[in-house]
Amino acid sequence: MSTSNDVRLRDLVRRLPDWMRKDLASSDGQRRERAEDALHAMLLPLLEGTGGTPS
């Protein structure tokens, strides 16, 4: 992972909303799945190299 992607990933993790952090740790499967899906949607642009910003 390039340095810029590393910085973007760290920034993304720092911006995670409280509900997502709590739901990722939840024992409720539906809540956890919702948070996982939301996190996936946030990570996908970064992994695809777009970083969620226009080129």
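The axes of helix 1 (residues 3-15) and helix 3 come within 10 Å of each other and cross at roughly 165 degrees. Angles over 145 degrees count as roughly antiparallel, so helix 1 and helix 3 are roughly antiparallel to each other. Their crossing is right-handed. On the helix 1 side, the contact is made by N5, R8, L9 and L12, and on the helix 3 side by L39, M42, L43 and L46. There is a handy rule for reading lists like these: an α-helix has 3.6 residues a turn, so residues three or four places apart point the same way. Keep in mind that all of this comes from a predicted model.

Stepping back to the whole chain, there are three helices and zero strands. Read along the sequence, that gives the pattern α-α-α. Of the 55 residues, 15% count as buried. As for how the chain folds back on itself, take the contacts between residues at least 6 apart in sequence: 33% of them join residues at least 24 apart.

Helix 3 takes in residues 29-47, which makes 19 residues. At 1.5 Å a residue, helix 3 should span 27 Å, and its end C-alpha atoms are 25 Å apart, so the two figures agree. Both ends of helix 3 have a detail to look at. At the start, a side-chain oxygen of D28 reaches to within 2.9 Å of the backbone nitrogen of Q30. Just after the helix, G49 takes a positive phi of about 95 degrees.

Next comes helix 2, which covers residues 18-24 and includes D23. Is D23 buried or exposed? Its relative accessibility is 1%, and buried means under 20%, so D23 counts as buried. Setting aside neighbours within four places in sequence, D23 is in contact with R31, R32, R34 and A35.

R21 is also found in helix 2, but this residue is partly exposed, because its relative accessible area is 38%, a value between the 20% and 50% cut-offs. Which residues does R21 touch, leaving aside its neighbours within four places in sequence? They are V13, R14 and L16. Two of these contacts can be followed down to atoms. The side chain of R21 reaches the backbone oxygen of V13 at 2.7 Å, and a polar atom of the R21 side chain lies 3.2 Å from the backbone oxygen of L16.

V13 is found in helix 1 and, at 40% relative accessibility, counts as partly exposed. Although V13 and M42 are 29 residues apart in sequence, they are 9.7 Å apart in space, C-alpha to C-alpha. L16, in turn, sits in the loop between helix 1 and helix 2. With a relative accessible area of 11%, L16 is buried. Leaving out neighbours within four places in sequence, L16 is in contact with R21, L39 and M42. The C-alpha atoms of L16 and M42 are separated by 9.4 Å, and the two residues are 26 apart along the chain.

Key:
Residues numbered from 1 in each chain as written. Predicted model: local features only at pLDDT ≥ 70, side-chain atom pairs only at ≥ 80, totals over all residues. Heavy atoms only, no water. Helix = DSSP H or I, 4+ residues; strand = E, 2+ residues; numbered from the N terminus. Expected span 1.5 Å × (residues − 1). Polar contact = N/O pair within 3.5 Å; in protein donor to acceptor, adjacent residues only side chain to side chain. Buried < 20%, exposed > 50% of the residue type's maximum accessible area, 1.4 Å probe, protein only. Contact = heavy atoms within 4.5 Å. Axes fitted to C-alpha atoms, helices over the stretch in contact; angles between N-to-C directions. Parallel < 35°, antiparallel > 145°, perpendicular 65-115°, else oblique. Left-handed = near helix turned anticlockwise from the far one by under 90°.
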